[in-house]
Every structure is written in structure tokens, then in C-alpha cells.
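Please read them with the structure open.

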Amino acid sequence: MRGADGTEPRLLRQIYGEILRDERRDQDRSLEDVARTVGMSKQYLSEVERGRKEASSEVLRSVCDALDLPMEQLLARGIRRMTAHRTLRTTGHAGVELCAA
């Protein structure tokens, strides 16, 4: 289903994959290193990072653990990226929104 602007909405698996890839790269770790730590193939981790595979919650937890990334941070960063993407799509510019918790 296309959005009002005619673009395809991003899938949650794509957003989570981007976050995991960004975190891995920020730590200067290879796909092979993280995949070995998790106990999965390098190819499968690559597919997850590119948003081509729908990772189970168990897989997401394992990759987060290998990266020392709390699952809550993955979820929070996912929400921020979804919101930023939605704001960009609907307004045409990236906005900053302050929220009280």
C-alpha cells in the first residue's frame, strides 16, 4: 500500500535492520564477527540488516545482545526513525519534535 505521496512505507524489518547495521558499523565490527557471536550465518545476518528477512524476536534479541544494544534501545530508535520518516514524507522536511515523558 502506497502512502499519500505515492511512496512505499518502510517496513519495520527494514528499519530494525538499518539500526543493527549502523550499530555494528559504529562498533567497527564485521558481519562475520557478529554472526559468529550470535551463532548464525553471515549471509542471514546480512539479509536481516538489509531488511530482506523478517527476524524473529529471538534473533533480534541475540543480535542486540551481541552488540551490547539493549532491546529497548532498538525499539526506541525504531520508533524515532519511523516518526522521522513519516514527518519527512508528509511535510517534505525533517522536523524536530520535543515530547515530555
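1. Start with L45. Apart from its neighbours within four places in sequence, L45 is in contact with L31, V34, A35, M40 and V63, where contact means heavy atoms within 4.5 Å. The model is a predicted one, in which local features need pLDDT of at least 70 and side-chain atom pairs count only at pLDDT 80 or more, while totals for chains, interfaces and linings use all residues. Residues are numbered from 1 along each chain as its sequence is written, and side-chain values use heavy atoms, with hydrogens and water left out.

2. L45 also belongs to the largest nonpolar core, which has 20 residues. A nonpolar core here is a set of buried Ala, Val, Leu, Ile, Met, Phe, Trp, Tyr and Cys residues joined through side-chain atoms within 4.5 Å. Buried means under 20% relative accessible area, exposed over 50%, and partly exposed in between (1.4 Å probe, protein chains only). The members that touch the most others are L20, L45, L60, V63 and L74. At least two residues of this core come from each of α1, α2 (31-38), α3, α4 (57-66) and α5 (71-91). The most, five residues, come from α4. Helices (H or I, at least four residues) are DSSP runs, numbered from the N terminus.

3. How do α2 and α4 pack? Their angle is about 120° and their axes are 9 Å apart. The axes are lines fitted to C-alpha atoms over the stretch in contact, and angles run from 0 to 180 degrees between N-to-C directions.

4. By type, the contact of α2 with α4 has four nonpolar residues, two polar and no charged. In this count Ala, Val, Leu, Ile, Met, Phe, Trp, Tyr, Cys and Pro are nonpolar, Asp, Glu, Lys and Arg are charged, and the others, Gly among them, are polar.

5. The whole structure holds nine salt bridges, each a side-chain nitrogen of Lys or Arg within 4 Å of a carboxyl oxygen of Asp or Glu. One of them joins E49 and R24, with the closest N and O atoms 2.7 Å apart. This pair links distant parts of the chain, E49 lying in helix α3 (residues 42-49) and R24 in helix α1 (residues 12-26), 25 residues apart. E49 is buried at 4% relative accessible area, and R24 is buried at 7%.

6. D33 pairs with R29 at 2.7 Å between the closest N and O atoms; D33 is partly exposed at 25%, whereas R29 is buried at 19%. R50 and E47 meet at 2.7 Å, N to O; R50 is partly exposed at 37% and E47 is buried at 14%.

7. Which residues other than glycine have a positive phi? D28 has a phi near 55° and sits in the loop between α1 and α2. D68 has a positive phi of about 55° and is found in the loop between α4 and α5. D28 is exposed, with a relative accessible area of 72%, and D68 is exposed at 72%.
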